[in-house]
Amino acid sequence: MSTPSGAIWGRAEQQDFRSRVRGCLLGGAIGDALGAGVATLTLEEMRAAHGMDAVVDFVPFMGRRGTVTAATQLTLFSVDGLIRAQVRRDTGAWHPPTDVHRAYLRWAATQRDWGPDERRKDNGWLGLEEWLYARRDPAAACLTGLGDDTMGTLDAPKNPTASDAGAVVRSAPFGLLVGWEPQLVCQLAVECAAQTHGHPAAYLSAGAFAVIVHGLARGESLDPAVQRALALLAPRPGHQPVTDALQQALGAVRQGIPGPARIATLGEGSTAQEALAVAVYCALVCEDVRHGLRLSVNHDGPSGVTGTLCGALLGALHGETALPPAWLAEVEGRPTLLELSDDFAMEMTQGPALHSPAINSSAWLARYPRG
């Protein structure tokens, strides 16, 4: 994997980028929390429980409102791994999939251990966040794929039949690497998805999602970002299910009033490509974040998954100020999400001032060790 080119950031560009990073990560978490409490319900069951409009606000999940799932947990560790990859470049090592895999193994420890181990305090700060030590419906392939230290690769992927969206929902951070070329973003997301989800439709959906987020984070609108993803998918073996799903999402925009019936034509969202199509459709037809997120969770499929993906898209598109304040205030883990978002934005815009082969900020390297 080639080293991406650097960029010179002005103050306005830095502020816009930070807003989009915050919007993407917080928007994904809000969508996750909005759908988590009804993820196993059909639309009919949602209406029976919450009224004809179904879900319009957070529904309690795991005993409280605003609770997130493993999708948000893993997204945080994706960010952590990407920051570590940038820091470790100082050593001459450059293989981001390895750093992301190490981050996912740290997430896997949160699913086994009772709480943070102080003996690991020299391995960064994220793994010391107590609220992450909770099992929140992770995809089975995530647990088995990260059940040992062996890293899945495209040549030898973990769980080659796993076609759910468990890898896609953690892949938005790859799209926030705005200094990278889109094809590198796609490749990195695909390689990291194969660490747990080896079905081509699953890892190519992750790549497509990252490329779409990448376009939005660079200030593009959604349609051209999707078109770029389609172009990058075209030469890859096994792309047809993902390509078909995205093209169906684009076509559905012109087929009438948005609603659950239209979403049903895209599938239930049980596969990675269906979940991606639902999220893209909802983001395309709804400029308003609140409306888009409600649409994305009110259907028969896995509402937390489609809410996560749609929230990340809308957040990257509009920035953090477009997120509904009441939901933002209540979403679980908000301080951690903000802290990690700002660290990511700082690393990507000011990294050389924080660390280099000749410069060492002890505080930064304590947060994101090179090892």
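1. Let me start with Gln195, which sits in the loop between helix H7 (182-193) and helix H8 (200-217); helices here are DSSP runs of H or I with at least four residues, strands are runs of E with at least two, and both are numbered from the N terminus. Please keep in mind that this is a predicted model, in which local features need pLDDT of at least 70 and side-chain atom pairs count only at pLDDT 80 or more, while totals for chains, interfaces and linings use all residues. Residues are numbered from 1 along each chain as its sequence is written, and side-chain values use heavy atoms, with hydrogens and water left out.

2. Is Gln195 buried or exposed? Gln195 counts as buried because its relative accessibility is 1%; buried means under 20% relative accessible area, exposed over 50%, and partly exposed in between, with a 1.4 Å probe and protein chains only. A polar atom of the Gln195 side chain lies 3.1 Å from the backbone oxygen of Pro97. Not counting residues up to four places away in sequence, Gln195 touches Pro97, Val100, His101, Tyr104, Gly145, Met151, Gly152 and Lys158, where contact means heavy atoms within 4.5 Å.

3. Leu76 is another buried residue, with a relative accessible area of 2%, and belongs to helix H3. Its contacts, leaving aside neighbours within four places in sequence, are Leu126, Trp131, Leu132, Thr336, Leu337 and Leu340. How far apart are Leu76 and Leu43 in space? Their C-alpha atoms are 30 Å apart, for a sequence separation of 33 residues.

4. Now to the loop between helix H2 (43-50) and helix H3 (70-88), where Pro60 lies. Pro60 counts as exposed because its relative accessibility is 52%. Leaving aside neighbours within four places in sequence, Pro60 is in contact with Gly37 and Arg65. Pro60 and Gly37 are 23 residues apart along the chain, and 5.8 Å separates their C-alpha atoms.

5. Met62 also lies in the loop between H2 and H3. With a relative accessibility of 48%, Met62 counts as partly exposed. Most residues other than glycine have a negative phi.

6. Asp137 likewise has a positive phi, near 55°, in a residue other than glycine. Where is Asp137 found? Its place is the loop between helix H4 (96-112) and helix H5 (140-145). At 56% relative accessibility, Asp137 counts as exposed.

7. Along its principal axes, the C-alpha trace spans about 60 × 45 × 45 Å.

8. Of the 371 residues, 58% count as buried. Among contacts in the chain with a separation of 6 or more, 75% come from residues 24 or more positions apart. The accessible surface of the chain is about 14,300 Å², and carbon and sulfur atoms hold 52% of that surface; areas come from the Shrake-Rupley method with a 1.4 Å probe, and for residues only the protein chains shown count as cover.

Definitions and conventions
A polar contact is a pair of N or O atoms within 3.5 Å; within protein, one must be able to donate a hydrogen and the other to accept it, and residues adjacent in sequence count only if both atoms are side-chain atoms.
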